[in-house]
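Here are my notes from a pass through the model you sent over. Have it open while you read.

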Amino acid sequence: MKKFRPLISDAELLQLKRLSKLDFSKYNETEVREFFLIELLKLLGYQSGTDYSISLEQSFPLNNLSLYPGSKRIKLDYICSLRKQYFWLIEAKEGKCRNPLRPPKIRAKDVEQAFFYSQHPEVNCRYFVVSNGWYIQLYDRDTLAGKLTPILAIKHTDLPEKFLELDQYVGATQILPMVKEKILDQIEKVFASEIRIERLDEFIDEVKEKAARVRGKVEEAAREIYFKNHPENEALKLLDQEDISTSVYSVFQNIRVRFEINYVADKLVTRLVNNRSKYSFNEYTFFSRLLLENPYPVNYYYYPHVLHFLFQAKAVGLDSISYNRKSISELLEDWLNLCLFHLSDRPIMRYLWVCERIFAKISKQSLIMMPSLREKVKNLLNSELFYIPEEKLIHLGPNQASVVIQTVETSLAQFRSAFINKYYDFKKHQFHESLAKQYYLQLVHTSDLMDEQFGGQYEKLKNELGNDWSDLNSYDQILFDRMGSVVCDILLYNEKQLGPLTEAQRKRISQLAELKNVNCASALCNKLNIAFRDDIDEEARKRDIEKFFDPSANQRD
């Protein structure tokens, strides 16, 4: 539950040194609050209008049972909240004194006043700080004894050295984990006093019920943060650089969601149109790289994303281009065939696509079946949970499966590059297909051996590992066609831009629907009035799928 707090930056240290040199001998309460405490709160990570917010001089009514002498309301100098939940407060006092070398101490009645405020039902803050500028004293309401001893006391002159001690308790990134730990300590103490095991289970059930009550609020807060702070896709920034031909691979491989596909397509079309009047990049080079005139280690998402871009380019009338004397319509037709027939016209890319899938499955199985590797995965996850801010964790959603996926995807990027370099001679423009096929058969053999060796133990272990590993199921679905699924989805989206399909194209789409291993294929058939059989014999379907994933089998036959 603990969270990482970065080391004090140079700018923070400079500010702490400035605060440590302030002379409060003429500061009234308001001046201590506005010239010292507000700056300290900013360093702790709090600021009005954020998730880690500060409320100034907020008042609360007192009921008849809790009237404070001379007042029907209480007014707090500062109350600090985390996503609208109060956790600690600050009571400011004046720092005036005749001799700065003998600053006034925090008085008992000031601590008692802040203690009273912390108990208000609408405030209910376990922690409170009392400060007159000269001293910053932190108290735990629930453990405060008659001597009124603070759990942390810092002279303002010691702030540069002791600031992180204060941050450890009430810093914006630390307050929630710290409160949780204190609650767990208290629970352990209560549990130790029980004499019946059933009472422990009873308490745990009550905690689960409390968690269920606030689950909706937590999910709502997560959605709000997700849409407010959705992280920008760094790859999309490459679209603004002067020569976009150098970044086509990075952009088209790293599109994450549909609106980014549309954004990339619109942005590139605009760049191409503007390039006609203000030449800033070589259009021929752009299309040469985009269409993989020379093999490049791209992932399977690359192909449908480029397909969508070509549809958008055609839609805006960008037909005349500087590439092999072909129009956008002709390039679109060629790329559509490349996608529909699963790269049969580019043998090395087809071999890469097929081998990559098997390599991913082997990598994932190894990570799950080996206890030492699973332990490394858990350690990596714990590091992410510790170092990454909570707001960013919402987007990343890290769990053990996501760590494995990240590890596998990193390995796949290296695998793709090594495969192209090993089996393609760029000088001779020659693909060493026999060697690639031999490697493919080795991968198949290794995968079969692992299935045989692990058998039902692998599935049993996955189930026992629980939901945290369930996101990995896609790597096991070795007969599912993810590339074809995205292609069919893109075709559905751009259905109005589709010209008359050739007989071979219609037959291929029908085949994809009949194989039942491609999402959206049957919906595409229905949309385009393409007939397909839904009653194919299971054995025949398995033979067709085997041929479908055979890298040496021409999919046009």
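**Notes on the model**

1. Start with F341. Leaving aside neighbours within four places in sequence, F341 is in contact (heavy atoms within 4.5 Å) with R350, A504, Q505, R508, Q555 and R556. F341 sits in the loop between α11 (328-340) and α12 (347-369); helices here are DSSP runs of H or I with at least four residues, strands are E runs of at least two, and both are numbered from the N terminus. With a relative accessible area of 4%, F341 is buried (buried is under 20%, exposed over 50%, partly exposed in between, using a 1.4 Å probe and protein chains only). The C-alpha atoms of F341 and I509 are 9.3 Å apart, although 168 residues separate the two along the chain.

2. A word on ground rules. This is a predicted model, where local features need pLDDT of at least 70 and side-chain atom pairs count only at pLDDT 80 or more, while totals for chains, interfaces and linings use all residues. Residues are numbered from 1 along each chain as its sequence is written, and side-chain values use heavy atoms, with hydrogens and water left out.

3. Two backbone angles to look at. Most residues other than glycine have a negative phi. L343, however, has a positive phi of about 70° without being a glycine. L343 is in the loop between α11 and α12, and its relative accessible area is 0%, so it is buried. C520 also has a positive phi, near 75°; its loop runs between α20 (503-515) and α21 (521-527). C520 counts as partly exposed, at 28% relative accessibility.

4. For C80, the nearest cysteine sulfur is that of C125, 8.4 Å away. C80 is buried, at 1% relative accessible area. For C525, the closest cysteine sulfur is in C488, and at 7.8 Å that is too far for a bond. C525 is buried too, with a relative accessible area of 0%.

5. Helix α2 (residues 29-43) has the span you'd want. At the start of α2, a side-chain oxygen of N28 comes to within 3.1 Å of the backbone nitrogen of T30. After α2 comes G45, with a positive phi near 100°. Buried residues of α2 include V32, R33, F36 and E39.

6. On the aromatics, the count comes to 30 pairs, where rings of Phe, Tyr and Trp (its six-membered ring) pair if their centres lie within 6.5 Å, with planes under 30 degrees apart stacked, over 60 edge-to-face and the rest tilted. F24 and F36 make an edge-to-face pair, 5.0 Å centre to centre with 75° between the planes. F24 lies in the loop between α1 (10-20) and α2, and F36 in helix α2, so the pair ties together parts 12 residues apart in sequence. Both F24 and F36 are buried. Elsewhere, ring pairs link Y249, F252, F286, F287, Y296, Y302, Y303, F309 and W335 into a cluster.

Terms used
Disulfide = S-S within 2.5 Å. Polar contact = N/O pair within 3.5 Å; in protein donor to acceptor, adjacent residues only side chain to side chain.
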